[in-house]
Amino acid sequence: MSAVRIGDREVGPGRPVYTVAEIGINHNGDVEIAKRLIEIAARVGADAVKFQKRTPEIATPPDMRDTRRETPWGEMTYLDYRHRVEFGLDEYQEIDRYCAELGIAWFASPWDVPSVDFLEKFDVVCHKVASASVTDRELLTALRDTGRPVILSTGMSTMAEIDAAVELLGTDRLVLLHATSTYPCPPEEANLRTIHTLAERFGVPVGYSGHERGLQVSIAAVALGACVVERHVTLDRTMWGSDQAASLEPDGLRRLVRDIRAVEAALGDGVKRVFPGEEAPRRRLRRT
């Protein structure tokens with residue numbers, strides 16, 4: 001299995017886990033909140049932050065556009081809400097500038113073809129396919145044609161749907177993420193052994209996108225071979241928004257990155273040997 005280069009990093013077996021702090025829309029349309037989350041991710045040593053980019057008129061289902069919704073900004077239609085939390089060119093220029101200043105990569109999940117074109121204005125390190133977009137062939141084709149690496153989440157997808165997406169995208173610059181699109185995801189639905197299933201079936205690096213509470217499942221994914229770990233990040237899980245409750249607060253993100261690096265070190269290379277720290281007990285305790 002070959003590695004995939006994302007920015008200045010190689011992602012794949014035997015390489016350090018690529019850690020992604022997904023800001024998504026947890027910024028609630030406020031670029032200053034987004035910048036605070038970028039700063040937190042950079043400070044704790046995450047490799048990248050990720051956003052979501054939509055063209056609301058395309059990405060919002062027609063039957064939901066006029067649905068009324070209570071928001072922190074008052075009651076509005078769902079389409080107006082999607083516009084309220086969507087960043088445009090000015091905000092992404094500031095995100096791009098700030099990430100460069102802090103030395104952290106950024107990319108996004110485009111939900112429609114115009115959003116792919118929008119993100120191509122920036123030198124993003126890769127593109128991400130959200131689980132909801134696995135069957136969107138027009139979007140997958142546009143992403144493939146950028147020539148950039150693609151990270152494909154596989155939540156809410158059958159194996160046949162994943163097969164079709166991989167066939168369209170190709171495997172040269174592809175990373176798959178095992179995911180379960182339950183928010184928050186209970187441990188019994190995490191099904192982490194699927195990491196092995198996907199790696200064996202497609203021969204590409206496989207990671208994990210987690211929506212569970214806590215850190216245990218994400219850490220176990222690393223022990224099972226996940227090359228990428230993506231988790232949502234928020235300033236406060238009680239903030240308004242659909243993804244906040246399944247997100248990590250700043251200290252949780254710090255502990256996640258710390259524990260991933262500890263597990264990486266503990267996995268070793270699989271060669272059985274006597275380590276230096278064992279020499280003294282060996283001499284003291286072995287009778288023959």
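Leucine 176 stands opposite valine 206 of strand S11, in an arrangement where two strands count as paired if DSSP finds at least two bridges between them. The model is a predicted one, in which local features need pLDDT of at least 70 and side-chain atom pairs count only at pLDDT 80 or more, while totals for chains, interfaces and linings use all residues. Residues are numbered from 1 along each chain as its sequence is written, and side-chain values use heavy atoms, with hydrogens and water left out. Helices (H or I, at least four residues) and strands (E, at least two) are DSSP runs, numbered from the N terminus.

Strand S10 (residues 174-179) makes a handy entry point to the sheet. On one side, S10 pairs with S11 (residues 206-210) in the parallel sense over 4 bridges. Strand S9 (residues 150-153) also pairs with S10 in the parallel sense, again over 4 bridges, and here valine 150 stands opposite leucine 174. In S10, 6 of 6 residues are buried, meaning under 20% relative accessible area, with exposed over 50% and partly exposed in between (1.4 Å probe, protein chains only). In a regular strand the side chains alternate between the two faces of the sheet. Accordingly, Leu174, Leu176 and His178 point one way from S10, and Val175, Leu177 and Ala179 the other way.

The open sheet is built from 8 strands in the order S7-S4-S3-S12-S11-S10-S9-S8, with parallel pairing. Its edges are strand S7 (105-110) and S8, each of which pairs on one side only. From one strand to the next, the twist averages 25°, with axes taken as lines fitted to C-alpha atoms (for helices over the stretch in contact) and angles running from 0 to 180 degrees between N-to-C directions.

Two loop residues deserve a look. Threonine 180 sits in the loop between S10 and helix H8 (194-202), and counts as buried because its relative accessible area is 16%. A polar atom of its side chain lies 2.8 Å from the backbone oxygen of glutamate 189. Leaving aside neighbours within four places in sequence, threonine 180 is in contact (heavy atoms within 4.5 Å) with Cys185, Glu189, Ala190 and His211. Serine 133 lies in the loop between strand S8 (127-129) and helix H6 (137-145), and is buried because its relative accessibility is 4%. Residues up to four places away in sequence not counted, serine 133 touches Trp111, Leu139 and Leu140.

The largest nonpolar core has 53 residues, and those with the most contacts inside it are Tyr18, Val49, Phe51 and Trp106. Such a core is a set of buried Ala, Val, Leu, Ile, Met, Phe, Trp, Tyr and Cys residues joined through side-chain atoms within 4.5 Å. H1 gives the most to this core, with 8 residues. A second, separate core of 27 residues includes Ala142, Leu169, Leu174 and Val204.

Helix H1 (residues 31-44) has 14 residues and reaches 20 Å from its first C-alpha to its last, close to the 20 Å expected at 1.5 Å a residue. Among its buried residues are Val31, Ile33, Leu37 and Val44. The buried residues of H1 pack against strand S3 (18-24), strand S4 (48-53), helix H4 (89-102) and helix H10 (250-267). At the N-terminal end, aspartate 30 caps H1, with a side-chain oxygen 2.8 Å from the backbone nitrogen of glutamate 32. Just after H1, glycine 45 takes a positive phi of about 95°.

Note on methods
The expected span of a helix is 1.5 Å times one less than its number of residues. A polar contact is a pair of N or O atoms within 3.5 Å; within protein, one must be able to donate a hydrogen and the other to accept it, and residues adjacent in sequence count only if both atoms are side-chain atoms.
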